[in-house]
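Biologist: I have the model open. Can you walk me through it?

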Amino acid sequence: ITVRIKDPERVAGIIRAMKEQGTHKLQVISDFDMTLSRFGCNGRRCPTSHNILDNSRVVSEEGRRQLKDLLHYYYPIEIDPKRTLEEKRPLMVEWWSKAHELLSQQKILKSDIPQIVRESDVMLRDGFDELFNRLHKYNVPLFIFSAGVGDILEEIIRQANVFHPNVNVVSNYMDFDDNGVLRRFKAPLIHTYNKNNSVLRDTEYFQQLSARTSIILLGDSMGDLTMADGVPSVENILKIGFLNDKVEEQRERYLDAYDVVLESDETLDVVNGILRFVL
Ligand code: C5P
Ligand code: MG
């Protein structure tokens, strides 16, 4: 595990200020895939919430191949440090649209989801239970803002017994017909690079939490940095980023954008350490 911090004094200052402000001022905003869930397990890549569906037995072999082709074409674009967000955005819309279209042709049943998740290789990062349980204990709201599949990620945290009432999820949700068969995904489409106000329909959420001006933001992508844009007033914000892939190429940019950068870390230990101090 390598923890990199560009400006340690600033980070220490933010954490001290959060502690002084107190529990009732804090909220946590987190990405899901590859942030709360693991990037690698046993030397292999862990699945994202999309991959869980892509690889499941409810998808035909042909469908699986097509979804894998999309991943191999678009994922390198998603993380390419040489392309701007403006260049990436339309391509991400293309990826998500094509994948959702393919998945919607597979006659996936709502009732299949618990088993699809149980049979997958997904793993939450070590220390997830401490994170979720401590936030619940202190009534600190946890907002999960995900470009993944909401139905899948909710099932993951439900099966992990940590889907507490302080957890709120905004993500891509499946739209089932009256027979419980997947027919499409609900709008708005959330992809890696529009995780901001533009897709937050329910502005009530952050308005209600307007007194919570201390924010811990957890992400793994450059697109996660705008997740707190809907918060009406921010006094202290600490951005913690997991740098999972293309580490050497992306390090500088991550260090400029995130206050704390975690490399080769499959745990939530750093976040839990900070929360133990603040709460
Ligand atoms: O929860 P999060 O916002 O991280 O979810 C998005 C992730 O899912 C992206 O980083 C992307 O690599 C991945 N993805 C995928 N298959 C798709 C679309 C996105 O694995 N069809
Ligand atoms: Mg992610």
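This is a predicted model: local features need pLDDT of at least 70, side-chain atom pairs count only at pLDDT 80 or more; totals for chains, interfaces and linings use all residues.

Biologist: How do H3 and H4 cross?
Modeller: The axes of H3 (residues 61–78) and H4 (residues 85–104) come within 10 Å and cross at roughly 165°. Helices are DSSP runs of H or I, at least four residues, and strands are runs of E, at least two, numbered from the N terminus. Axes are lines fitted to C-alpha atoms, for helices over the stretch in contact, and angles run from 0 to 180 degrees between N-to-C directions. H3 and H4 are therefore roughly antiparallel (angles over 145 degrees).

Biologist: Which residues of H3 and H4 make the contact?
Modeller: From H3, Gly63, Gln66, Leu67, Leu70, Tyr74, Ile77 and Glu78; from H4, Lys88, Leu91, Met92, Trp95, Lys98, Ala99 and Leu102. Contact means C-beta atoms, placed from the backbone, within 7 Å.

Biologist: New topic. What surrounds ligand 1?
Modeller: There are 18 residues around ligand 1, and the closest are Asp33, His50, Ala99, Ser146 and Ala147. Near means that the C-beta atom, placed from the backbone, lies within 6 Å. Helix H2 (49–54), H3, H4 and strand E5 (142–149) each supply at least two residues of that shell.

Biologist: And H7, how many of its residues are buried?
Modeller: Eight of the ten residues of H7 (residues 150–159) are buried, so H7 is largely enclosed by the rest of the structure. Buried means 20 or more other C-beta atoms within 10 Å of the residue's own, exposed 12 or fewer, and partly exposed in between, with C-beta atoms placed from the backbone.

Biologist: What do those buried residues pack against?
Modeller: They pack against H2, helix H5 (113–118), E5, strand E6 (167–172) and strand E7 (174–176).

Biologist: What comes after H7?
Modeller: Asn161 follows H7, with a positive phi near 60°. Asn161 sits in the loop between H7 and E6 and is exposed, with 10 other C-beta atoms within 10 Å.

Biologist: Where is the cis peptide bond?
Modeller: Between Ala187 and Pro188, with omega about -5°. Pro188 lies in the loop between strand E8 (182–185) and helix H8 (204–208).

Conventions
Residues are numbered from 1 along each chain as its sequence is written. Chains are lettered from A and ligands numbered from 1 in the order in which they are written. Angles under 35 degrees count as roughly parallel, over 145 as roughly antiparallel, 65 to 115 as roughly perpendicular and the rest as oblique. Two residues are in contact if their C-beta atoms, placed from the backbone, lie within 7 Å.
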